[in-house]
Amino acid sequence: MISRFIKGSIILAIVFLIALIGAFIYAYQEVELDADQLINYHPQVSSEILDRNGKRLAYVFKKRHRLYATFDELPPRLVEALIATEDTRFFEHGGVNPDAILRAVVADIKARKFVEGGSTLTQQLVKNKLLSSRKKLARKIKEAILAMKIENVLSKEQIIERYLNEIAYGNNYYGVKTAAQGYFHKPLSKLTLKEIAILVGIPNAPSYYNPRRHYQRTLNRANAILYRMKSLGWITEAQYRKAIKEVPKIYRSSLSQNIAPYVVDEVLRRFKGKFGDIRTGGYKIYTTIDMRMQKAGRDAVKYGYDRLMKRYRENPKRSNLNGALIAVENKTGDILALVGGVDYRKSAFNRVTMTRRQPGSAFKPFIYQTALDMGYNPASKLTDLARTFQYYKNGKRKVWAPKNYERDFKGFITLREALVHSRNLATINLVYDIGLETIRKRLALLDVKNIPRDMSIALGNLAISPLKMAQIYTVFSNYGHMIEPRLVSKIVSKEGSIIYETKPKEIVDFTRPEQAYLMTDILMDVIKRGTGKNAAVKGIELAGKTGTTNDSVDAWFCGYSPAVTTITWYGRDNNRPIGRHATGGSVAAPAFARFYRDLLKIDPNTPRTFLVPEGVYVGEVDGHKELYTKISPLPKNNGARDIFEEGFVPTPPQKRSSQDENGVKSSSNTERVESVDLGGGKPADENRVEVDHFDESDDLLAPDRQKPDKVDEESGSLF
């Protein structure tokens with residue numbers, strides 16, 4: 001009877017064991033999908049945005065800030081400290097340590113609750129990545145099964161690599177590489193033994209052992225880890241004593257600190273939806289920004305802003321005044337600095353790329369360049385007299401009577417002087433004489449949208465962003481060639497492959513080098529003795545133009561050195577006037593000058609003198625020297641003496657007497673009034689429309705030039 005009972009019990013035990021093994025095998029197969037997340041491990045890794053010299057502008061990530069470290073990057077001491085603390089028999093077991101489990105069971109029975117887990121490193125990895133941290137029997141069984149499954153597929157080195165990259169270290173640092181850089185500002189290879197012990201101790205309780213909040217507690221934990229390593233014989237007594245005495249410095253600044261937020265936002269906007277999530281792919285994104293110039297740009301915008309606060313006695317906390325700056329390398333189009341506002345914390349809106357404002361007189365040089373390319377010379381005489389224009393709006397006749405800023409008339413004035421002193425009436429008469437459609441046809445080469453179909457184009461009555469102004473001003477700074485601004489030069493994957501790369505892209509040859517230099521010479525005069533005197537910087541040649549819109553709503557200075565083009569803008573975010581007498585010359589030009597003063601300190605070797613291209617000559621008109629070219633000869637009826645000589649290198653024009661922007665005396669009080677219809681007497685279209693691309697086969701103004709190319713994906717375009 002007893003024998004039969006024993007035999008039955010044995011059979012029952014065998015059946016139970018078979019069932020248990022079957023259930024285990026079934027569970028083992030069922031967890032394959034869960035295990036795959038660790039076997040084919042692809043964690044979200046933070047991307048890094050860098051300047052052109054490889055200096056970090058910011059880390060970007062979605063929820064977890066993680067920098068990935070391969071096993072080869074892990075210091076041997078780090079691996080030893082981890083194993084000594086968490087799983088001494090790690091290299092001996094197959095994912096589950098029976099001895100540790102037995103000890104944990106005894107401890108749990110004595111305490112009548114779960115107090116000790118007995119988990120191996122592999123089990124901890126499974127828990128952190130795949131399971132909850134709640135101590136339930138079902139979870140522990142699944143954890144053990146998953147651990148054995150993973151140990152059967154991955155090497156011990158791969159498991160350690162995944163563990164040290166997955167685990168949390170507090171302060172939103174995930175992975176030991178992130179923690180090393182965040183807390184110690186060091187790569188893993190430079191960590192001391194004490195720093196390693198600190199990092200190994202944190203994950204046990206990241207909040208409790210937070211080195212920024214509980215430094216002494218963190219040191220005590222690290223010392224216990226060091227003692228454990230000494231007890232195992234893995235470090236010597238001398239190494240232990242030296243490490244015990246060490247008090248590492250803990251950095252409190254955020255590792256993801258963003259020193260160029262407007263740039264970072266623009267990069268993320270530009271690549272949204274490309275390459276997956278650009279923030280979590282572990283990419284290195286190389287921008288064209290120069291960190292030193294970016295700081296100079298921020299300082300310049302703040303300098304101009306502080307002047308405005310003082311001038312108009314406004315409180316910065318309540319003021320809606322703002323400013324922006326963009327600096328572009330002439331030859332490449334590389335954006336060296338991009339400052340979208342005075343204070344990113346107050347407003348993240350990027351006024352360089354996301355807003356369009358009227359440029360006012362800053363747009364005049366493109367009209368004058370058209371005139372030069374039609375055969376006008378800087379010494380050509382323009383009519384500085386008033387005209388009235390009639391137009392129709394909603395079927396009603398309207399009259400437009402533009403005036404000079406100075407409220408006077410010169411009668412006749414040279415083209416150079418008209419632009420140097422930003423004479424509105426001379427510009428309007430120039431547009432009228434050349435022909436509105438001729439001007440519009442030429443400006444279409446700039447790929448500017450919504451060019452007005454009326455005479456207001458003469459005063460810059462169109463909407464344009466500072467970014468676009470920087471692009472079109474390269475027509476002058478780059479000797480006739482318009483270059484597309486680019487912000488990102490290349491993107492490198494976490495595996496080290498270049499997955500995206502741009503190159504400088506010339507959009508259009510707007511004019512010839514010698515013709516562009518005529519404009520540069522005039523715009524140098526704008527700064528030397530015209531409306532842009534506040535933009536002058538000692539020791540470098542600068543060219544540029546002020547821009548002020550009606551009622552001083554917008555104030556611009558657009559200019560360039562031989563190497564860099566810079567646009568500064570100020571205005572109110574609600575489009576209200578800045579204040580009384582807020583001109584481009586008084587508001588934006590000082591910030592422009594501040595930027596170039598800093599530029600000379602940053603790069604003392606920057607080119608300081610404009611090169612004179614071939615085909616530029618000098619002659620005399622009414623006793624004054626003036627430049628000319630074959631296309632823009634000296635006027636014959638103004639006492640000009642032609643000294644055209646091939647290869648002749650011109651000397652700079654003689655310095656002329658200065659005239660204040662707001663105090664030019666009138667040489668003629670005669671007002672010439674002529675009533676004309678806009679658009680050939682037909683009612684003008686009050687709605688601006690995008691200009692069509694013109695057929696240039698018969699265009700005498702742009703021989704041998706091409707239309708703007710369609711922007712492609714490899715150009716790095718921001719438009």
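Two strands are said to pair if DSSP finds at least two bridges between them. The views below show a predicted model.

**View 1. Strand E13 pairs with strands E14 and E5.** Three bridges join E13 to strand E14 (residues 498–501), and the two run antiparallel. Within this pair, Ile491 stands opposite Tyr500 in E14. Strand E5 (residues 284–287) is also antiparallel to E13, to which it is joined by four bridges; here Ile285 stands opposite Ile491. Because four of the five residues of E13 (residues 488–492) are buried, the strand is largely enclosed by the rest of the structure.

**View 2. Five strands form an open sheet.** The order is E7-E6-E18-E17-E16, with antiparallel pairing. Strand E7 (335–339) and strand E16 (543–548) stand at the edges with a single partner strand each, so one side of each has no neighbour in the sheet. On average, neighbouring strands of this sheet are turned by 10° against each other, direction ignored. Four bridges join strand E6 (residues 321–329) to E7, and Ala327 stands opposite Ala337 in E7.

**View 3. Helix H20 lies across the strands of the sheet.** H20 (residues 584–602) lies across E6, E7, E16, E17 (554–560) and E18 (564–572). The helix runs at about 140° to E18.

**View 4. Helix H16 is mostly covered.** Nine of the eleven residues of H16 (residues 424–434) are buried, among them Asn424, Leu425 and Ile434. Just after the helix, Gly435 takes a positive phi of about 110°.

Methods. Residues numbered from 1 in each chain as written. Predicted model: local features only at pLDDT ≥ 70, side-chain atom pairs only at ≥ 80, totals over all residues. Heavy atoms only, no water. Buried < 20%, exposed > 50% of the residue type's maximum accessible area, 1.4 Å probe, protein only. Axes fitted to C-alpha atoms, helices over the stretch in contact; angles between N-to-C directions. Contact = heavy atoms within 4.5 Å.
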